[in-house]
Amino acid sequence: MDQDKQRLSIAAARLYYESDYSQQEICARLGVSRPTVSRLLQYAKEQGYVSIHIKDPLEDVDELSKQLKERYGLDHVSVSYSPLNEYEEITKHIGRTAAEFLHKIVKDGDIIGITWGTTLFSVASQLKSKRVKGVEVVQLKGGVSHSYSLTYAAEVANLFAEAYYTVTRYLPLPVIFDKPELKQMVEEDRHIERIIEMGRQANIALFTVGTVRDDALLFKLGYLSEGEKADIQRTAVGDICSRFFDEEGNICNEVINSRTVGIDLEELQKKERSILVAGGEDKIKAIQAALVGKYANTLITDQFTAKALLEC
């Protein structure tokens, strides 16, 4: 039955996209109803049998990619087209672009380090399955919180493991401890130490940046006091892996940093692929600072953010 639907959807798609048949003409040709044709065309797109690319001469994303690559000294830049300069829309499109990029580059034996949040969930939910051998997926920072705010930590990890036919090495800890001594003691556990070391060994790291706005996810999770939050907002422009940095990309609160579990930002500079996926007006300062700090060698963003980064 599925094979018949597959063949019929491809036939409908060929007639519609390659032969310029109307849906009514396809009805007569294939002997099905108009609603069925519409469903077959939608099915063809969902299954990846049809890929639609719109080339807008007024939005040359390839040129924007080239300029960003030269401006920030990056190995690779992908600029995704978003029809709206709105965070949810941007996140959807850059997530798809990042998922496609990973599908191309992931190979046997890779270790993929991942973080969490809405952007990473957008990437993970659009991954295509790829049969690779010996791939490992590891969390680069803790993801346990006592807040009702959704971090997508488990969902992102599970979707990555499913896409690459492997299991995830979870970091089952809060991302920020109350005291550095407690964090240090926990990291000395043999199991935890092994996971953190695997994060250091990862040749691919995938992450985004957070903001320091009042509604930032990291502030909602209850790790920080109001005083600590106010101090961070005075000096920081964003965070990567829950490590806050200033406009030059330097860690701006060593005390909080000493309580943070996960990969150090300097480790990101050593990766074969250090992939920053981020976009939106609120994240421009954080993205620029991350690029100035050389924490990413690959950037995936949208055309609105790309233009702003070139104007900075």
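## Ser78 and strand β1

The side chains of Ser78 and His76 are joined by a polar contact of 2.8 Å. The model is predicted. Ser78 belongs to strand β1. Its relative accessibility is 15%, so Ser78 counts as buried, the limit being under 20%.

Seven strands form an open sheet. Their order is β1-β9-β8-β5-β2-β3-β4, and the pairing is parallel. The edges are taken by β1 (76-80) and β4 (168-169). Each of these two has a single partner strand, so one side of each is left without a neighbour in the sheet. In general, strands of a sheet pair through backbone hydrogen bonds, in either the parallel or the antiparallel sense.

One pairing can be followed residue by residue. Strand β2 (residues 111-114) runs parallel to strand β3 (residues 136-139), with four bridges between them. Ile112 has Val137 of β3 as its bridge partner. Ile114 stands opposite Gln139, also in β3. Strand β2 is covered on both faces. Ile111 and Gly113 are buried on one side, Ile112 and Ile114 on the other.

## Helices on the sheet

Helix α9 (residues 190-201) lies across β2, β3 and β4. Its direction is at about 115° to β3. Helix α15 (residues 303-311) also packs on the sheet, where it touches β1 and β9 (298-302). The direction of α15 makes about 115° with that of β9.

Gly199 is placed in helix α9. At 3% relative accessibility, Gly199 counts as buried. Leaving out residues up to four places away in sequence, Gly199 touches Val138, Leu140, Ile263 and Lys271.

## Aromatic pairs

The model holds six aromatic pairs. One of them joins Phe121 and Tyr152, with ring centres 4.2 Å apart. Their planes meet at 15°, so the pair is stacked. Phe121 lies in helix α6 (residues 118-125). Tyr152 lies in the loop between β3 and α7 (153-163). The pair therefore ties together parts that are 31 residues apart in sequence. Phe121 is partly exposed, at a relative accessible area of 26%.

Phe219 and Phe244 make another pair, with ring centres 6.1 Å apart. Here too the planes are at 15°, so the pair is stacked. Phe219 comes from helix α10 (residues 217-220) and Phe244 from strand β7 (residues 243-245). The two residues are 25 places apart, and the pair links distant parts of the chain. Buried or exposed? Both Phe219 and Phe244 are buried.

## Charges over rings

Two ring faces carry a charged side chain. Arg131 places its charged end over the ring of Tyr165, 3.9 Å from the ring centre. Lys141 lies over the face of Trp116, at 3.8 Å from the centre of that ring.

Definitions and conventions: Residues are numbered from 1 along each chain as its sequence is written. This is a predicted model: local features need pLDDT of at least 70, side-chain atom pairs count only at pLDDT 80 or more; totals for chains, interfaces and linings use all residues. Side-chain values use heavy atoms; hydrogens and water are left out. Two strands pair if DSSP finds at least two bridges between them. Contact means heavy atoms within 4.5 Å. Axes are lines fitted to C-alpha atoms, for helices over the stretch in contact, and angles run from 0 to 180 degrees between N-to-C directions. Rings of Phe, Tyr and Trp (its six-membered ring) pair if their centres lie within 6.5 Å; planes under 30 degrees apart count as stacked, over 60 as edge-to-face and the rest as tilted. Buried means under 20% relative accessible area, exposed over 50%, partly exposed in between (1.4 Å probe, protein chains only). A charge sits over a ring if NZ of Lys or CZ of Arg is within 6 Å of the ring centre and within 35 degrees of the ring normal. A polar contact is a pair of N or O atoms within 3.5 Å; within protein, one must be able to donate a hydrogen and the other to accept it, and residues adjacent in sequence count only if both atoms are side-chain atoms.
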